[in-house]
Amino acid sequence: MSRTSDDSARESLDSVVLEQASLWMARLWSDDVSEEQRQACLRWRRESPEHERAWQQLQAIDGRLALLPSHAARSELFSSSREVSRRGLLQWGGLAMLLGGLGFGLSRTPQWQRQFAEHATGIGESREVTLSDGTRLRLDTDTALDVSFDADRRRIHLLRGEVLVTTGKVADGRPFSVVTRQGASFPIGTRFSVHQRADSTQVAVYDGRVALERRADAERVTLDAGQQAAMNADGVTPPEPLDTARLARFEGRLVAESLRVAEMVEILARYRHGVVRYAPEVADLRVSGVFSLRDTDRALASLADALSLQVVYRTPLWVTIQPRGQG
């Protein structure tokens, strides 16, 4: 079966660009949009053909709102009033909801997962949750999870992001696990973190022990305190010494010790909307220090000062780190 041109365009559009386009559209939908913001959006569209294609894609989706069936139009999200419909979309996480419903994988979008998960954080947010058995969860940025406790077991389904788990001190005979796409982690009186990445699950143990079990097989690999490992399609990686700096991120701090600019940007990007890019010549420069994850603009400014670089804001959502003085 041949693919339509609409399918091809949909596949080729970068998800980050789609998110930028949806944020720009949401901004223009607001009641207090300024002419300066309209012009900034226009400049963003003209920066790249891909930007314009993403914008036109969303404009087409906007037009298709009027074609929704009557039962959908009666819902809270898709009100018969166009203004209420748009505001509802903004409250529900923007156009990414529509992107998913029209073929972009609704259940896999961050907005959908955060909206419908039992516990979730937005980009740049963190949250603490205490469960009924005394287990404490610390959700890092852009994290979504469900909790499933019954008479036989206790299970956390980590849908995306990273969570720090401190198990309860009161004895509970029900097995406890954290489940991700790659497998499950079974703690034994411990404190540990689980990070659901695109193609792997990373587990770090700070106290106690954790057994890792991939979905593909029943063999378990046990991590002791001070160790970390990952589960992926190939298996479980060999345990390695714990990166203690990871723990600071749950407290809103990035502790860098001879960290490459490319690696620092990858981390900061998880804590802010939009895109952070860097010039190729600065990728391997290294920096040490403590940077704020709650104020990523300040972190970028500190990085630039430390390495004599400059941070260029093409839009609030499009940032580039480059050598100082470069046009």
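Modeller: Let us begin with helix H10, in which Val261, Ala262, Met264, Val265, Ile267 and Leu268 are buried. Please bear in mind throughout that the model is predicted.

Colleague: What covers the buried residues of H10?

Modeller: The cover includes H9, E13, E15, H11 and E17, together with strand E14 (275-278).

Colleague: Which residues touch the most other members of the largest nonpolar core?

Modeller: They are Leu254, Met264, Leu268, Phe291, Leu303 and Ile321, in a core of 22 residues. Two or more residues come from each of strand E13 (253-260), helix H10 (261-269), strand E15 (286-292), helix H11 (296-307) and strand E17 (318-323). A separate, second core has 21 residues, among them Leu139, Phe176, Leu223 and Ala229.

Colleague: What does Leu303 touch, leaving out residues up to four places away in sequence?

Modeller: Leu303 touches Val261, Met264, Val287, Phe291 and Ile321.

Colleague: Why is Arg246 called buried?

Modeller: The relative accessible area of Arg246 is 10%, and the label applies under 20%. Arg246 is therefore buried. This arginine belongs to helix H9 (residues 245-249).

Colleague: What makes the pair of Arg246 and Glu162 a polar contact?

Modeller: Their side chains meet at 2.7 Å, and the cut-off for a pair of N or O atoms is 3.5 Å. The pair therefore counts as a polar contact. Beyond its neighbours within four places in sequence, Arg246 is in contact with Glu162, His195, Gln202, Ala204, Tyr206 and Gln228.

Colleague: Why does Arg138 count as buried?

Modeller: Its relative accessibility is 19%, and buried means under 20%; Arg138 therefore counts as buried. Arg138 is placed in strand E3.

Colleague: Which polar partners does the side chain of Arg138 reach?

Modeller: One is the side chain of Ser126, at 3.3 Å, and another is the backbone oxygen of Phe250, at 3.1 Å. Outside four places in sequence, Arg138 touches Ser126, Arg127, Glu128, Glu162, Val163, Leu164, Phe250 and Arg294.

Colleague: Why is Gly183 called buried?

Modeller: Gly183 has a relative accessible area of 4%, to be set against the limit of 20%, so Gly183 is buried. Gly183 lies in strand E7 (residues 183-196). Its contacts beyond four places in sequence are Val178, Glu213, Arg214, Arg215 and Met231. Between Gly183 and Met231 there are 7.2 Å from C-alpha to C-alpha, and the two are 48 residues apart in sequence.

Colleague: How do you know that Arg220 lies over the face of Phe186?

Modeller: The distance of Arg220 from the ring centre is 4.0 Å, and the criterion asks for a charge within 6 Å and within 35 degrees of the ring normal. Arg220 is accordingly listed as lying over the face of Phe186. As for aromatic pairs, the structure holds 0.

Colleague: Where does pLDDT stay under 50?

Modeller: Residues 1-11 are one such stretch, for which the model has 10 contacts beyond four places in sequence. Residues 100-107 are another, with 16 such contacts. Where pLDDT is low, the predicted coordinates should not be read in detail.

Colleague: Which elements have the lowest and the highest mean pLDDT?

Modeller: The lowest mean, 38, belongs to helix H5 (residues 70-73), and the highest, 97, to strand E3 (residues 136-139). For the chain, the mean is 81, and 76% of the residues reach 70 or more.

Methods:
Residues numbered from 1 in each chain as written. Predicted model: local features only at pLDDT ≥ 70, side-chain atom pairs only at ≥ 80, totals over all residues. Heavy atoms only, no water. Core = buried A, V, L, I, M, F, W, Y, C linked by side-chain atoms within 4.5 Å. Buried < 20%, exposed > 50% of the residue type's maximum accessible area, 1.4 Å probe, protein only. Helix = DSSP H or I, 4+ residues; strand = E, 2+ residues; numbered from the N terminus. Contact = heavy atoms within 4.5 Å. pLDDT = per-residue confidence, 0-100. Phe/Tyr/Trp six-rings, centres within 6.5 Å; stacked < 30°, edge-to-face > 60°. Polar contact = N/O pair within 3.5 Å; in protein donor to acceptor, adjacent residues only side chain to side chain.
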